[in-house]
Amino acid sequence: IPAYFAHLNGETKSAVLVDLANSRLYLFENSNGAPALVKDYYISLGKNGARKDIQGDQRTPIGVYHITEYLAEAILPDRYGDGAFPLNYPNEWDRRRNKTGYGIWLHGTPFNTFSRPPRSSDGCVTLSNLDFNELALRIEIVETPVIITDQPIDWLSLSAWEERRRILADVIDGWRIDWESLENDRYLSHYSEEYHDGKLDYAGWSSRKRRVNNAKTYVKVQVSDLSIYEYPGEDAMVVVTFAQDYDSSNYRHASKKRQYWKRESDGV
């Protein structure tokens, strides 16, 4: 099992891992939360290789992405073949690192060509039309994660994978429990001083959370539909998505969350 898929939630029926170094795309199905390999396919990538940084560099990004929509062959130029699945590049982490560009897709091949050379796209991941159509039967918009890496894949035994999943799930549950405790220092210890939510940095966030939590007599947080993906190209970082049901003495709210967790030298 590839370590990248630390945990798949019950709604995720399939998962995709793209190995740029070996021009392979691996398709997995969800088997009770564990990814089971279905098939692998030959792919081609950007003309200038991996690790996209700026618009027009003709490189393929590495990271954790999802598919935003399906584009049919009828509305596309010939070079996209039988169809395309756009990815959400740049994601939140890409934007945090000032990466630019757009239009990174999984797509087919021009109709006069069976498959393309290993490096031949402008940054997209391309498959033969035959393989694209087979893959499309398994893809679910938004729900199917697409992890793209240019590093050797860490393949784990089932027991090693289960242990890693348990450790990461316990970290997330520790955050939830400490939030419920209403002990601000415990709760905020889970947040890096480099934290930013798109609006507030760590100082602003911690000040706001102390003020909000001090006005409550209780907090209950339920987490469901949890997914955990290790992030390629980053040291000890995972992307966590889940549904959150928040209930407190003066406020209730249900939401979807995506968090980026990274191990720091003094802990998580």
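Modeller: Accessible areas here come from the Shrake-Rupley method with a 1.4 Å probe. The model is a predicted one.

Biologist: What share of the accessible surface of the chain belongs to carbon and sulfur atoms?

Modeller: The accessible surface of the chain comes to about 13,400 Å². Of that area, the share of carbon and sulfur atoms is 48%.

Biologist: How does the radius of gyration of the chain stand against that of a compact globule?

Modeller: The C-alpha trace spans about 65 × 40 × 35 Å along its principal axes. For 268 residues, a compact globule would have a radius of gyration near 18 Å. The value for the chain agrees with this, at 20 Å.

Biologist: What percentage of the residues in the chain is buried?

Modeller: A residue counts as buried under 20% relative accessible area. Of the 268 residues, the buried ones make up 47%.

Biologist: Among contacts between residues at least 6 apart in sequence, what percentage joins residues at least 24 apart?

Modeller: The chain has five helices and 15 strands. Among the contacts in question, the part that joins residues at least 24 apart is 60%.

Biologist: How far apart are the centres of the positive and negative side chains?

Modeller: The chain has 33 positive side chains and 39 negative ones. The distance between the centres of the two sets is 3 Å.

Biologist: Which residues of strand 12 point the other way from Pro145, Ile147 and Thr149?

Modeller: Strand 12 covers residues 145–149, and five of its five residues are buried. Pro145, Ile147 and Thr149 point one way, and the residues that point the other way are Val146 and Ile148.

Biologist: Which residue of strand 12 is the bridge partner of Val16, and which is that of Tyr65?

Modeller: Strand 2 (residues 14–19) pairs with strand 12 in the parallel sense over four bridges. Strand 6 is joined to strand 12 by four bridges as well, and those two run antiparallel. For Val16 the partner in strand 12 is Val146. For Tyr65 the partner in strand 12 is also Val146.

Biologist: Which two residues does a cis peptide bond join?

Modeller: Most peptide bonds are trans. In the loop between strand 8 (83–86) and helix 1 (92–96), where Pro90 lies, omega is about -5° for the cis bond. That bond joins Tyr89 and Pro90.

Biologist: Is Arg51 buried, partly exposed or exposed?

Modeller: Most residues other than glycine have a negative phi. Arg51 has a positive phi, near 70°, and lies in the loop between strand 5 (45–46) and strand 6 (63–66). Its relative accessible area is 35%, so Arg51 is partly exposed.

Biologist: What is the relative accessible area of Ala236?

Modeller: Ala236 is not a glycine, yet its phi is positive, about 55°. Ala236 lies in the loop between strand 13 (219–230) and strand 14 (237–248). The residue is partly exposed, with a relative accessible area of 43%.

Biologist: Is Thr241 buried or exposed?

Modeller: Thr241 is placed in strand 14. The cut-off for a buried residue is under 20% relative accessible area. Thr241 has 18%, so Thr241 is buried.

Biologist: Which residues does Thr241 touch, not counting those up to four places away in sequence?

Modeller: A contact requires heavy atoms within 4.5 Å. With residues up to four places away in sequence left out, Thr241 touches Asp225, Leu226, Ser227, Lys257 and Arg258.

Key. Residues are numbered from 1 along each chain as its sequence is written. This is a predicted model: local features need pLDDT of at least 70, side-chain atom pairs count only at pLDDT 80 or more; totals for chains, interfaces and linings use all residues. Side-chain values use heavy atoms; hydrogens and water are left out. The radius of gyration is taken over C-alpha atoms; the globule rule is 2.2 Å times the number of residues to the power 0.38. Buried means under 20% relative accessible area, exposed over 50%, partly exposed in between (1.4 Å probe, protein chains only). Lys and Arg count as positive and Asp and Glu as negative; His and the chain ends are not counted. The place of a charge is taken as NZ of Lys, CZ of Arg, CG of Asp or CD of Glu. Two strands pair if DSSP finds at least two bridges between them.
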